[in-house]
Amino acid sequence: MASLAEKPAGDSENFDRARFDQRVRVGARLAGRYRLERELRSYSGGPQPVPQGWVGFDELLNREVGIDLIDSRHPRAQAVEAAARSAATVPDVRFVQVLDVADEEGLVYVVTEWVSDASSLTQRLSRGPLSVALASRIARELAVAIAEAHGCDLRHGALDPDKVILTSTNQVKIRGLCLEAAMSGAQAATAPTEDVRAIGAIWYATLTGRWPGEHPAFGLPAAPRSHGKPFTPAQVRAAIPKAVDQLVEQALEAADAEVPAIDSVKALTSGIAALPKLRDESEITDVIARPALRRPPAYPVATPTAVQQLGSPGGRVGRTPRGVLAAILGIVVVVGAVAAFQLGGSSQGSGAQTSPSSSPQTSSASSAPVTVRQLSIANASIWDSDKGKDDIERLQQSYNGSSEGWVTTTYIDGPDITSYRKGTGIIFDLGSAQKVGKVTFSVGVPGATVEVWTADATLDSLPPVQNSTPPGFTKQVTKAGVGGNAEVDIAFSATVTTRYVMVWFTALPHQDRSQYNIAGYRDSLANVKIYS
């Protein structure tokens, strides 16, 4: 019998495929915790078995995850593992986070964050183009995130509408940094300009509902072309501002010779930031002020039926003699005067005084209700000196209603942690600048000191994490000794307009080993709610 090494290549490939299929199936577990749920896609090209992408379930943390799988003997396996480890070093929360990477029993797997309640940009564009404001905001978010990756000397290399995810609140997430190119076998040394052109193409597609390439792609028809270039967005769709139109052309390298192309995401980010403010339909409030109710007059008024009864026979309204009208008018004036005299006399006789606050106008204004509404949290990120990685797996539990919440790092020295770490906490992103006047949340153990900070109204993206308060933030309130069963309720002295709200610990209570297997200073944050 011939050995495996003596078998033809086809037989060896079939053997590897059978071994791969035996491990990669619905219900299989990796590392004793990641259960495979359903296959999403496979990557064609190259030898069998081809790499696959799955949705899995982390049984330890009770959540869905994404899992990319490739046979250890596959020519791309080493590149996939290296790409995943590199992507994990980029702290920007717009990227789908890499949670785990391993080569185990002949199988390389990469576990990533799973974004729930979201759809790909390809799916969203199947319903038509987006508003100019939303399309431009997506382009800006992509540019800021990719600039962060380029700053780490990393390229996406495969950015397209399939890799862009929009949550139900239009928060942008990017899938497959470095990893997608490695899984598909694309060239590793991708030029930075390719990411710029990819953002330009996505921006064009979101504005027009057309793909700027020569052929249809991502469910979109190809854009009309002239002289080898796609029509500008403004030629395809009306009401696109000239500045947006030109910037998209520059990003696509399709502008005229006298207008230079944009060759870096940093320059693209600056160009988008310089655009005039674009009002999105979602920014228009759905609360319509009701007009104040008019009070009825305090004196009797003749009703229309009195005039009609004086009309022509048969019930029809005819011309009323002037004498009759004069008599009616006289009666009304006399009745009104008598009523006014009696009211005035009664008031003076009883010694009653009318204060200004009892006037109908003032009473109506003072009784108008102040509307307070809970604001939707679009995303959250950790702000500390550990590159924003403290318990990142449970970040969403700080605001999604979970009773466990997000847990800080355990510190050996305390309770004041500001001598070596300025603080640790979470920045909550509202998606756009909104009026904020109140924050409520729960802290697990009594004894913590918590500060609430808000960003300037003009700040629309977060800087890299550092061991200091975030640049552009202002402290609103400090509360010491919080925690336990009582909800922490923090009301600002005045409402502020901001997109980002940070809840920050500067002192933590001591806890024993418990389930974290280490004693020290730590606490938890849960049920964060932000109100207007």
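In which strand is Asp429 found? Asp429 belongs to strand E15, residues 424-443, a strand being a DSSP run of at least two E residues, numbered from the N terminus.

This is a predicted model, in which local features need pLDDT of at least 70, side-chain atom pairs count only at pLDDT 80 or more, and totals for chains, interfaces and linings use all residues. Residues are numbered from 1 along each chain as its sequence is written, and side-chain values use heavy atoms, with hydrogens and water left out.

Asp429 counts as buried because its relative accessibility is 7%, where buried means under 20% relative accessible area with a 1.4 Å probe and protein chains only. Beyond its neighbours within four places in sequence, Asp429 is in contact (heavy atoms within 4.5 Å) with residues including Ile377, Arg499 and Tyr500. Gln171 is also among these contacts, and its side chain makes a polar contact with that of Asp429 at 3.5 Å.

In the chain, buried residues make up 42% of the 532 residues, and there are twelve helices and 21 strands; helices are DSSP runs of H or I with at least four residues.

The lining of the second largest pocket divides by residue class as follows.

| Class | Lining residues |
|---|---|
| Nonpolar | twelve residues |
| Polar | twelve residues |

Definitions and conventions
Buried means under 20% relative accessible area, exposed over 50%, partly exposed in between (1.4 Å probe, protein chains only). A polar contact is a pair of N or O atoms within 3.5 Å; within protein, one must be able to donate a hydrogen and the other to accept it, and residues adjacent in sequence count only if both atoms are side-chain atoms. Ala, Val, Leu, Ile, Met, Phe, Trp, Tyr, Cys and Pro count as nonpolar, Asp, Glu, Lys and Arg as charged, and the others, Gly among them, as polar.
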